[in-house]
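This note sets out numbered remarks on the structure shown below. Please read them alongside the sequence and the coordinates.

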Amino acid sequence: MVTTKAPTRVPGRQRFGGVFNGDYQTFLALFGGGALFTAFENLPKLRAFLFGQSLVDFAAVFGLLIVLCAIFWRSLLRRGFVWAEPAALTWMDFASVDRRRVVVKRMWTLWCGLVVVVGYTGALVTAIGDGSKGVWIAMAALTASGAILAAVTARRTAIRGETAGPVVLALAGLAVAAAGLGPIAVETLAGALFVVAIAVAFGGRPTSAAGRAELVDGWNARLLRAMAAVFMDPMLLIPESRPVPWLSLRRPTTLRLAWAGVLGRLRYAAAGVVIACLVGIGHLAFPAVPVGAMFALGAYAALVPFVGGLGELWRNPGRKRWLGASDWELRLVNGLVIAALGLVWGGLLTLVTLTLGVTPAWPVWLAIPLAVVAALRTATRPPMNYDVSGGAAGFQALRGVDLLIVGSIVLSVST
């Protein structure tokens, strides 16, 4: 009797995301691949855009790649690949399919995509700067060790304090850029990351052993993200708040609710540290890129998760009536709280720039209040109106981002 291994693909679903079926997915893959390779044919133009007339500071480039590895690591630690459609789960149960293989395959697919992004960035910047053989080896070693560390930690269930790992790695990138370390030091760091990966590779329950309830919860979160993209509603992507046990809401006030929304999303503070390192090192590595736009984008990315509490109140008229606060009161109180967070993030960015020895012009720091106002504008967007043209609907979805773009252009021109 010959036995065959049960397939892991639901019947009727396209293989490899439909890339090889000759439809629009194939066109997008060919177009994207061509655009990526075309960049290597325009290295002088890219060098003028990124570096201008300055020499390439490979220590800053190393630091930037280390921070990108930290972001890569943090992305996998979210374990967004742990999901399964309920109907597909039912099919797997009756078809005797090992669901663990499905989750593992999805994890490695995401891992490969992130490796391509980080590796391509490092290769392109090294080619633009005409790096030596030692630089290429250091870049490759760092990308490989960071990818291995991310894979072995993401394949197991979460352990306490694991989110501090990417922050420590980002601070290591800051130290490399500030100290002006060369390829040998970066290769040593890559070896240390590999040793850490071996140390944490054993033990723990594999993520692929998640139960049905956990897989369905992951599917629900993925479905919410998909609907946010389809209906162009970015507020659905803002994370939910976790309970704050010691903060009582028996007598709710606008200020108390604003702080509850911030404290319930405090888990994203670590991402703010990584973003500050990315912005500071990016300014040092690419001196020709407008620093105002870089600061504004970084501040907006760091602050926008914390406006979720205001966004939930704004799009829920029942909760607004329960609170009994006017629109202007909500804007003012939450604006003061987000402004305080922006001040903290600005202080963190100041420490990063001082550590790197760069002193941006004072108008550049106006990017932080600009990001605060843009984040508030994003959270206070009225409900989407779909009885308009596609362009008008897209403009509604970009509320807040439009102010950020215009302000960044003004700051770039003024500095």
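1. On exposure, the terms used throughout are these: buried means under 20% relative accessible area, exposed over 50%, and partly exposed in between (1.4 Å probe, protein chains only). By this scale Asp130 is exposed, with a relative accessible area of 67%.

2. On provenance, this is a predicted model, in which local features need pLDDT of at least 70, side-chain atom pairs count only at pLDDT 80 or more, and totals for chains, interfaces and linings use all residues. Residues are numbered from 1 along each chain as its sequence is written, and side-chain values use heavy atoms, with hydrogens and water left out.

3. On confidence, pLDDT is the predictor's confidence in each residue, from 0 to 100. The protein averages a pLDDT of 84, and 89% of the residues score at least 70. Among the elements, helix H7 (residues 164–179) has the highest mean pLDDT, 94, while helix H17 (residues 390–397) has the lowest, 61. Over residues 1–5 pLDDT stays under 50, and the model has one contact (heavy atoms within 4.5 Å) beyond four places in sequence for this segment.

4. On overall architecture, the protein has 18 helices and zero strands. Helices (H or I, at least four residues) and strands (E, at least two) are DSSP runs, numbered from the N terminus. Of the 415 residues, 43% count as buried. Among contacts with a separation of 6 or more, residues 24 or more positions apart account for 82%.

5. Accessible areas come from the Shrake-Rupley method with a 1.4 Å probe; for residues, only the protein chains shown count as cover. Ile148, Phe194, Ile198 and Phe202 form a nonpolar patch on the surface, with about 400 Å² of accessible area together. Patches are made of residues with over 30% relative accessible area and no salt bridge; like charges are joined within 9 Å, and nonpolar side chains (Val, Leu, Ile, Met, Phe, Trp, Tyr) within 5 Å. Ile148 belongs to helix H6 (residues 133–154) and is partly exposed, at a relative accessible area of 33%.

6. On cysteines, a search of the whole structure finds zero disulfides, a disulfide being a pair of cysteine sulfur atoms within 2.5 Å. Cys69 counts as buried at 3% relative accessibility, whereas Cys112 is partly exposed, with a relative accessible area of 39%.

7. On backbone geometry, which residues deserve a check? Most residues other than glycine have a negative phi. Arg79, however, has a positive phi, near 55 degrees. Arg79 lies in the loop between helix H3 (58–77) and helix H4 (86–95) and is buried, with a relative accessible area of 12%. Asp130, not a glycine either, has a positive phi of about 55 degrees. Asp130 sits in the loop between helix H5 (99–128) and H6.

8. On salt bridges, the structure holds five; the criterion is a side-chain nitrogen of Lys or Arg within 4 Å of a carboxyl oxygen of Asp or Glu. One of them joins Glu312 and Arg265, whose closest N and O atoms are 3.2 Å apart. This pair links distant parts of the chain, 47 residues apart: Glu312 is in helix H13 (residues 308–314), and Arg265 is in the loop between helix H10 (254–263) and helix H11 (269–285). Glu312 is partly exposed, with a relative accessible area of 23%, whereas Arg265 is buried, at 1%.

9. Asp327 counts as partly exposed at 33% relative accessibility, and Lys320 as buried at 18%. Arg377 forms a salt bridge with Asp402, the closest N and O atoms being 3.2 Å apart. Arg377 lies in helix H16 (residues 367–379) and Asp402 in helix H18 (residues 401–414), so this pair ties together parts that are 25 residues apart in sequence. Arg377 is partly exposed, with a relative accessible area of 27%, and Asp402 is buried, with 16%. Elsewhere, salt bridges that share partners join Arg265, Glu312 and Arg319 into one network.
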